[in-house]
Amino acid sequence: MEQRHLGRTGLRVTRLGLGTLNWARDTDEQEAADQLKAFWEAGGSLVDTADIYADGGAEYLLGRLTEGLVPREDLVIATKAGSVLEADRRVDGSRRHLLAALDASLERLGTDYVDLWQLHAFDPHTPLEETLQALDLAVASGRARYVGLSNFSGWQLAKAGTWQLAAPGVRNRLASTQMEYSLLQRGIEREVLPAALDLGIGLLPSSPLGRGVLTGKYRHATPADSRGASDHLAAFVAPYLDETASRVVEAVTTAADGLAVTPFQVALSWVRDRPGVTAPILGARTAQQLRAALSVETLSLPDEIRRALDDVSAPVHHYPDHDWSTL
C-alpha cells in the first residue's frame, strides 16, 4: 500500500487507515482480529482509535491483538483524548485530564507510546495554551511520537497550529487534523482544509463514505443489519438520507457502473486523492467489508468523473469564503 507523509513531518503512514469505532461494541474480538490481520497483510499501518470508543474497550482490544497477532512495530497507532461522557461537560482539555487520559490509554493499549496522539475536540473552557502544553509534555516524556487535533474549526486549527509553530524546538508541530470529510460532507473545505494546507497539517478524513450512505445501500430502503437501522447509530446516519444526498449517491452509482467498480470504491477514491488528504479512516464492521475497501488501492478516478462528482456535490459557499469581487 502506498505511503504518505503525515503533514509536514517525517512520519509516513499508509494512505488508508483502519478505524476502530465499532470495536468491542458492534465488532467482537474475532472479527476485529480478522480486520487487523487483513489490513496488515495488505500493507496497512495506520490504526486509529480513541479512549472513549466503547468506553475504552476498543483500545483494550487493539492492545490484546498487538500482543501476538500483528507486530507492534509494524503499526502506526493513533489515539485521541479530551472527550468525556459527562452530562454537564462533553470536552475536557485540561492538562490534568489529558495526561491522565494518555496514561490510561497506554495501559489499555499495552504499549509505552502511541505514534500519534490527538485532541478529540476543542475545549472552550480551558486556555488553549494549557491544552497544547499537554501535547508537548506527551512528546517530551516519550509517551507520544507525534501530536494532532480532531474536530477543530478553521480558526481553532489556525490558532493552535500557529501557536505550536511560534516556538520551534520547544513546541511540537501539529502533524494531523482528523475531520469528517466525504462527498456528502465537504464543509471543511471552507476554512479547515485551507488552514491545514497552509500550516502543513495532514488531514485524516473520518466517515469518508458518508456514514455508509455512499455505499448505495440506502438507495431504496434501510437494510435491517445496517447502521441506519441500529438503535444507537440511526440518528448518526439520518442526516445523509435526504434528497440532496440522494442526488450525490446516484451520481456515484452512475460513475461506478461506468467504471465497473462499486459505489464505495468511487467515493473512497475521491476523498483519498483530495488535496491535503493523507489517509481516510475506514470504519468497517466486518473483515469482508474492509477487504473490499482496501481494493481501492489500485483505483484512480478519471479526471472527467472526478470533476463531475465535484460539481454534483459542491457545497454552497458565499462571502467571505469566495473572493468578494466575484460575488
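Which element gives the largest share of the lining of the second largest pocket? It is α8, with four residues. The model behind this is a predicted one, where local features need pLDDT of at least 70, side-chain atom pairs count only at pLDDT 80 or more, and totals for chains, interfaces and linings use all residues. Residues are numbered from 1 along each chain as its sequence is written, and side-chain values use heavy atoms, with hydrogens and water left out.

The second largest pocket holds about 250 Å³ of space. A pocket here is an open set of points on a 1 Å grid over the protein atoms alone, with protein on both sides within 12 Å along at least five of seven lines, and lining residues have an atom within 4 Å of a point. Its volume is the space filled by probe spheres set on the points, which are joined across faces, edges and corners. Sixteen residues would be a lot to list, but L183, L184, Q185, T244 and S313 are the ones of the 16 that lie nearest the centre. Two or more lining residues come from each of α8 (243-259) and α11 (303-313); helices (H or I, at least four residues) and strands (E, at least two) are DSSP runs, numbered from the N terminus. β9 runs parallel to β8 (residues 114-119), joined by five bridges, and A144 of β9 is the bridge partner of V114. Strands pair if DSSP finds at least two bridges between them. β9 also pairs in the parallel sense with β10 (residues 174-180), over four bridges, and there V147 stands opposite L174. Helix α4 (residues 128-140) makes a right-handed β-α-β unit with β8 and β9, as helix α5 (residues 154-165) does with β9 and β10. Right-handed means that, with the strands pointing away from the viewer, the path from the first strand over the helix to the second runs clockwise.

S182 is buried, at 0% relative accessible area. Its side chain reaches the backbone nitrogen of L184 at 3.0 Å.

Terms used:
1 Å grid on protein atoms, 1.4 Å probe; cavity = no way out; pocket = protein on both sides within 12 Å on 5 of 7 lines; lining within 4 Å. Buried < 20%, exposed > 50% of the residue type's maximum accessible area, 1.4 Å probe, protein only. Polar contact = N/O pair within 3.5 Å; in protein donor to acceptor, adjacent residues only side chain to side chain.
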